[in-house]
Amino acid sequence: MGQMLDGLWVDDAALGAIRADGSWTRAPSVIRHQIGEGAEFPPVPGRYRLYAAWNCPWAHRVLLTRALLGLGDAIPVSYVAPARTDQGWVFDRATGYTDDLLGKAALHEVYAAGDPDYTGRVTVPLVYDTVTGTLVSNESADLVRMLPRAFAGVARRPLDLYPLALRSEIDRWNDKIHAKVNNGVYRTGFAESQSAYDSAVYEVFATLDAIEERLSQSPYLAGDQLTEADVRLFPTLAGFDVAYYIAFKCCRRRITDYPHLWRYARGLYALPGVADTVRFDIYRRGYFSRSDKRNPLGIVPTAPVIDWSL
Ligand SMILES: N[C@@H](CCC(=O)N[C@@H](CS)C(=O)NCC(=O)O)C(=O)O
């Protein structure tokens, strides 16, 4: 894998060497500009391009937000091929993953086009401004927060995913879900000792148990209304039984084993546009791609048959 240093793609080993000898001092770029009325970037439909990957849960949050609000026309999307290479995320004309905006071959070239001095990881989601040719944001949490407000006027289904009255409850769930579920499954899957695995897997299921309890009393996490907290939980639920359960050894229970959580997950899946953001087969192949540590032979197991209909 690799990342960028001063606008150039370097592999991690090279970057590590630069760090070790002290010559590399610049902090990684963080791209956190705002789109909105009166903000640095005006909310003009069609002006911004979202770069996403089907198999990235952070990109999935943004794709979900876009789908739930009906912002498909306002925010066009380009998908990278759902497998990382030694060039990081790349496009692949043969399989239909093209950068039809800039015609680049790799996502790091999009980053370099938008910021010739970019230093940092080359991640999805990324929002690029077609008017100034600059990078707007590569932080999914910011995008989930800003896009519904910025594009409320053109949304086919306007939704306030962060209503004032529920903010403290949403913040509480966001923090818990981010640390213990969204990242928790990765901490479980990437653990390199029994004790690291034990504590990560415990947290994943303790949190899913708490969510199950909550959903036994409430239709959504923060109350009667769909919010950001639900949008942030759903990508991990979608990948859980087909990928995390086996590939990341999150195998105490499947989502289908939780009556309330499973009903809730299917309810979200049934909302307009949501099913179109989900690619179970891509998750399975992505999480079982060859890895020296986790899947040295690269064998992709068969998937359980799961009916997501309500
Ligand atoms: N903070 C970012 C994290 C995004 C992220 O980690 N994306 C992963 C894919 S799931 C990625 O592109 N990783 C490439 C890399 O780190 O080199 C966000 O939430 O938007």
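This briefing walks through a helix pair, a ligand shell and a few backbone details. The model is predicted, so local features need pLDDT of at least 70 and side-chain atom pairs count only at pLDDT 80 or more, while totals for chains, interfaces and linings use all residues. Residues are numbered from 1 along each chain as its sequence is written.

**Helix pair**
- Helix H8 (residues 228-247) packs on helix H10 (residues 280-287) at an angle of about 10°, with the axes 8 Å apart.
- H8 and H10 are therefore roughly parallel (angles under 35 degrees count as such).
- In H8, Gly239, Val242, Ala243 and Ala247 meet Phe280, Tyr283, Arg284 and Tyr287 of H10 (contact is C-beta atoms, placed from the backbone, within 7 Å).
- The residues of this contact divide into 6 nonpolar, 1 polar and 1 charged.

**Ligand shell**
- Around the ligand there are 13 residues, and the closest are Cys56, Trp58, Arg121, Thr123 and Ser140 (a residue is near if its C-beta atom, placed from the backbone, lies within 6 Å).
- By class, this shell has 6 nonpolar, 5 polar and 2 charged residues.

**Backbone details**
- The peptide bond from Val124 to Pro125 is cis, with omega near 0°, and Pro125 sits in the loop between helix H3 (107-114) and strand S7 (126-129).
- Asp6 is not a glycine, yet has a positive phi of about 50°.
- Asp6 counts as exposed, with 12 C-beta neighbours inside 10 Å (exposed is 12 or fewer).
- Lys249, also not a glycine, has a positive phi of about 55° and is found in the loop between H8 and helix H9 (259-269).

Technical notes: Axes are lines fitted to C-alpha atoms, for helices over the stretch in contact, and angles run from 0 to 180 degrees between N-to-C directions. Helices (H or I, at least four residues) and strands (E, at least two) are DSSP runs, numbered from the N terminus. Angles under 35 degrees count as roughly parallel, over 145 as roughly antiparallel, 65 to 115 as roughly perpendicular and the rest as oblique. Two residues are in contact if their C-beta atoms, placed from the backbone, lie within 7 Å. Ala, Val, Leu, Ile, Met, Phe, Trp, Tyr, Cys and Pro count as nonpolar, Asp, Glu, Lys and Arg as charged, and the others, Gly among them, as polar. A residue is buried if 20 or more other C-beta atoms lie within 10 Å of its own, exposed if 12 or fewer, and partly exposed in between; C-beta atoms are placed from the backbone.
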